Amino acid sequence: MTGTSLDGLDVALVCIDGAGADIKATLVDAASRSLGDLAPRLRALASNQPHAAIEFAAAARDLAIAHADAILALDGPTIDFAVCHGQTILHRPPLSWQILNPAVVAATIDRPVLSDLRAADLARGGQGAPITPMADAVLFRNAPADSVIVNLGGFCNISVLDAPERGGDVCACNHILDGVARRLLNARFDANGDAAASGRVRGDLVARIADALDGQAASGRSLGSGDECDDLLAALAAETTGPDLAASACRAIAERIARSTDGRPLVLAGGGARNRTLVAAIRDAAGGDVRLSDEFGAPVGHREAMGMAVLGALCQDGDSITIPDVTGRSPGPCVCGSWTGLEMRR
């Protein structure tokens, strides 16, 4: 899995027991790798600016090679298949594009590869996202039944365990925090939230960020291209310091998450869960039980990669992986994903 914040490639080796909705997923091995010079190339391709066809083709192949290398480096038993989400360079339903060359992955690892997980949902009128609620229902069976799984990724999205139909995207998250870091901290991201911890929360900044985030939460749609709040950040960056803007952004994001989760127990995952200032702000705003996904066998940095394995197993069993009330697709079965290299199956 590579997220929209482009902070790396996460890979997880998962043992799946059982079939259908009753499967159990256990993490065997996991790793995170830098995308290196692929990150700026992919970011450029996601900018909605013109690029030559060869740039898209080369990035798809190079990303596939990075996926295959990461998979082959995992320590564990021989795998049955791989699930590769691909890098989202456009998400504006009904259009969504996850760039990857799955044939290169399949040929290199000599196993089938499942990819293009959103297309079938989009074809049935859905938003194609979020696709994680079904996976979270499997991964977090041992969490309190009324928990909300909060993914602190480029965009924050939630899965409500006892009411899956209430899941959905909430607001921009790491897109904002990383945008502050790039503009004002001369860094790709605010490591551990240290800069935010040294800053001052300014009510005026919080209010302006909150206004944008409230609009996103109220939209009821899947967030994506154009929702990164770049114009807002450009305006705010001219008015304050990096630490103050980082601290204020953490507070605004935390308060929006708290308003979207109704005081339920929260389980935090995603890259943003490593930002201690953001996590502290969420604990303060939510005022209840807030834990990290590590406590339930899904490390914060690998919950999404584990989720891909779960979704792949469901797809292999012929089960739907999206929920009509979440994505907005038409009711009925919807088996998602495209298989490449099925002839390699042993």
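How many aromatic pairs does a search of the whole structure find?

Modeller: Happy to! Please keep in mind that this is a predicted model. A search of the whole structure turns up 3 aromatic pairs. One of them is formed by Phe 56 and Trp 97, which are stacked, with 5.2 Å from centre to centre and 20° between the planes. This pair links distant parts of the chain, since Phe 56 sits in helix H2 and Trp 97 in strand S5 (residues 95–99), 41 residues apart. With a relative accessible area of 18%, Phe 56 is buried, because buried means under 20%. Trp 97, at 40%, is partly exposed.

Another pair is made by Phe 81 and Trp 339. Their ring centres are 5.3 Å apart and their planes stand at 80°, so this pair is edge-to-face. Phe 81 belongs to the loop between H2 and S3, while Trp 339 is in strand S12 (residues 338–340), so the pair ties together parts 258 residues apart in sequence. Phe 81 is buried, its relative accessible area being 18%, whereas Trp 339 is partly exposed at 26%.

Where does the lining come from? Strand S1 (9–17), helix H2 (53–72), strand S3 (82–83) and helix H12 (303–316) each supply at least two of its residues. S1 gives the most, with 8 residues. Sorted by class, the lining holds 23 nonpolar residues, 4 polar ones and 3 charged ones.

One more spot deserves a look while you have the model open: Thr 240, in the loop between helix H9 (230–237) and helix H10 (242–261). Thr 240 counts as buried because its relative accessibility is 14%, and the cut-off for buried is under 20%. Leaving out residues up to four places away in sequence, Thr 240 touches Leu 184, Arg 202, Leu 205 and Leu 245. With Arg 202 there is also a polar contact, side chain to side chain, at 3.1 Å. The C-alpha atoms of Thr 240 and Arg 202 are separated by 9.6 Å, and the two residues are 38 residues apart along the chain.

Conventions:
Residues numbered from 1 in each chain as written. Predicted model: local features only at pLDDT ≥ 70, side-chain atom pairs only at ≥ 80, totals over all residues. Heavy atoms only, no water. Helix = DSSP H or I, 4+ residues; strand = E, 2+ residues; numbered from the N terminus. Nonpolar A, V, L, I, M, F, W, Y, C, P; charged D, E, K, R; others polar. Buried < 20%, exposed > 50% of the residue type's maximum accessible area, 1.4 Å probe, protein only. Contact = heavy atoms within 4.5 Å. Polar contact = N/O pair within 3.5 Å; in protein donor to acceptor, adjacent residues only side chain to side chain. Phe/Tyr/Trp six-rings, centres within 6.5 Å; stacked < 30°, edge-to-face > 60°.
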